[in-house]
Amino acid sequence: DMKKTYEARIEALRADADNRSFIFSSQMQSAMAMLSQLDDQAYQLRRQADSIANQMAKTAQDLLYTMETMDYQMENLKNGIATLDRNLTVLRVQRSRGMIGQLQLETVENQRIQLVNSQQTLANMREQIGLTLSQLCGLDADTIVEPSTLVMPYEGELDRINAKTGLENAKKNSFDIWSKRVSLRTAQNVYDKDVSGTAEAVKAAEDQLAVTQESVESAYATVIQDMKDSRVSLKAAENALTQAKDDLRLAGVKYKIGTLSKLGCQSAQDSVASAEINVKLAQLKVAQCYSACQWAEQGVLTLPTGV
């Protein structure tokens, strides 16, 4: 009887140990699953933080390009005002001699006023963009941020842009695509044919992923097309500058032999100055588009709202 009693106790202890081991194992599995879930969430937050940081960096860079563009535009307006001032000097003399009407003179004077107002508007907008840029960079509100000297990409760098490889990289590095794939995987993990709504959740996640992929492809195609268009525009601007310089040389000859007025020669000089600024603007656009291509390959693209 004593032996049976001890054997029963031993069996009970073994059963209790097995039960405790099972509970511990279950708790350990639950803890490991929770840690894995926390790791996934932490990784997703890191990916999201990196995506936001890249978007902010690109936005800051675009603002610098905008400020430099405005600088060239204001220089163009300044040259235009100087041209009108020269013309107004002549027109006022002509008006005093009755050679032109008052309306013609006032029309040019109003044009000058409009250019001055446009110049001031651009200056105010540039100042506001500078303040926005300072805040975006986490600087004090009174800190002045100015764009550096434009560095043009080499022709070889532009020629090496590969749309096919670039798109593959854009899709691989896109946070939007990655997050939609995570949502799809989550929906697939909880899918159960016997549970209502799980099949629909998988289908919805698949559709969202497809839409996002299409949006990334479309956005990248736009970036590539903008790059191509900017190079065409630069070539046109360079050709226009060459023509303006040729016209100026001809104007100089005509002025020397007395077949062209000084005002006409100055007008040819103004055309060259304007064409030079247009080339700088076109170069700036090429540089910005090239930068956009580089950002796109890192997955930084502007997608439609709601994607």
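1. Helix H6 is followed by Gly258, a residue with a positive phi, near 85°. Helices here are DSSP runs of H or I with at least four residues, strands are runs of E with at least two, and both are numbered from the N terminus. H6 itself has 59 residues and reaches 86 Å from its first C-alpha to its last, close to the 87 Å expected at 1.5 Å a residue, where the expected span is 1.5 Å times one less than the number of residues in the helix.

2. Some conventions apply throughout. This is a predicted model in which local features need pLDDT of at least 70 and side-chain atom pairs count only at pLDDT 80 or more, while totals for chains, interfaces and linings use all residues. Residues are numbered from 1 along each chain as its sequence is written, and side-chain values use heavy atoms, with hydrogens and water left out.

3. The protein chain contains seven helices and zero strands, so that, read along the sequence, its pattern is α-α-α-α-α-α-α. Of its 307 residues, 25% are buried, which means under 20% relative accessible area, as against over 50% for exposed and in between for partly exposed (1.4 Å probe, protein chains only). The accessible surface of the protein chain comes to about 20100 Å², with 53% of it belonging to carbon and sulfur atoms; the areas come from the Shrake-Rupley method with a 1.4 Å probe, and for residues only the protein chains shown count as cover.

4. Contacts (heavy atoms within 4.5 Å) deserve a separate remark. Among those in the protein chain with a separation of 6 or more, 81% are between residues 24 or more positions apart.

5. Helix H2, residues 102-136, has 35 residues and reaches 51 Å from its first C-alpha to its last, close to the 51 Å expected at 1.5 Å a residue. Its buried residues are Leu105, Val108, Leu122, Arg126, Ile129, Gly130, Leu133 and Ser134. Just after H2, Gly138 takes a positive phi of about 75°.

6. Which residues touch the most other members of the largest nonpolar core? In this core of 30 residues they are Tyr220, Val223, Met227 and Leu301, a nonpolar core being a set of buried Ala, Val, Leu, Ile, Met, Phe, Trp, Tyr and Cys residues joined through side-chain atoms within 4.5 Å. Helix H5 (175-189), H6 and helix H7 (262-297) each supply at least two residues of the core, and the largest share, 13 residues, comes from H6. Leaving aside residues up to four places away in sequence, Leu301 touches Gln55, Ala170, Val216, Ala219, Tyr220, Val223 and Ala296. Apart from this core lies another, of 10 residues, among them Ala60, Leu63, Met70 and Leu122. As background, nonpolar side chains tend to be buried together in soluble globular proteins.

7. A search of the whole structure finds 11 salt bridges, each defined as a side-chain nitrogen of Lys or Arg within 4 Å of a carboxyl oxygen of Asp or Glu. One of them joins the side chains of Arg112 and Asp85 (2.4 Å, N to O); because Arg112 lies in H2 and Asp85 in helix H1 (residues 2-96), the pair ties together parts that are 27 residues apart in sequence. Arg112 counts as partly exposed at 28% relative accessibility, and Asp85 is partly exposed with a relative accessible area of 30%.

8. Asp159 forms a salt bridge with Arg231, and the closest N and O atoms are 3.0 Å apart. Asp159 lies in helix H3 (residues 155-159) and Arg231 in H6, so this pair ties together parts that are 72 residues apart in sequence. At 51% relative accessibility Asp159 counts as exposed, whereas Arg231, at 26%, counts as partly exposed.

9. Lys203 and Asp207 also form a salt bridge, with the closest N and O atoms 2.9 Å apart; being four residues apart in H6, these two are separated by about one helical turn. Lys203 is partly exposed at 45% relative accessibility, and Asp207 is partly exposed at 36%. Elsewhere, salt bridges that share partners join Asp71, Arg126 and Glu146 into one network.
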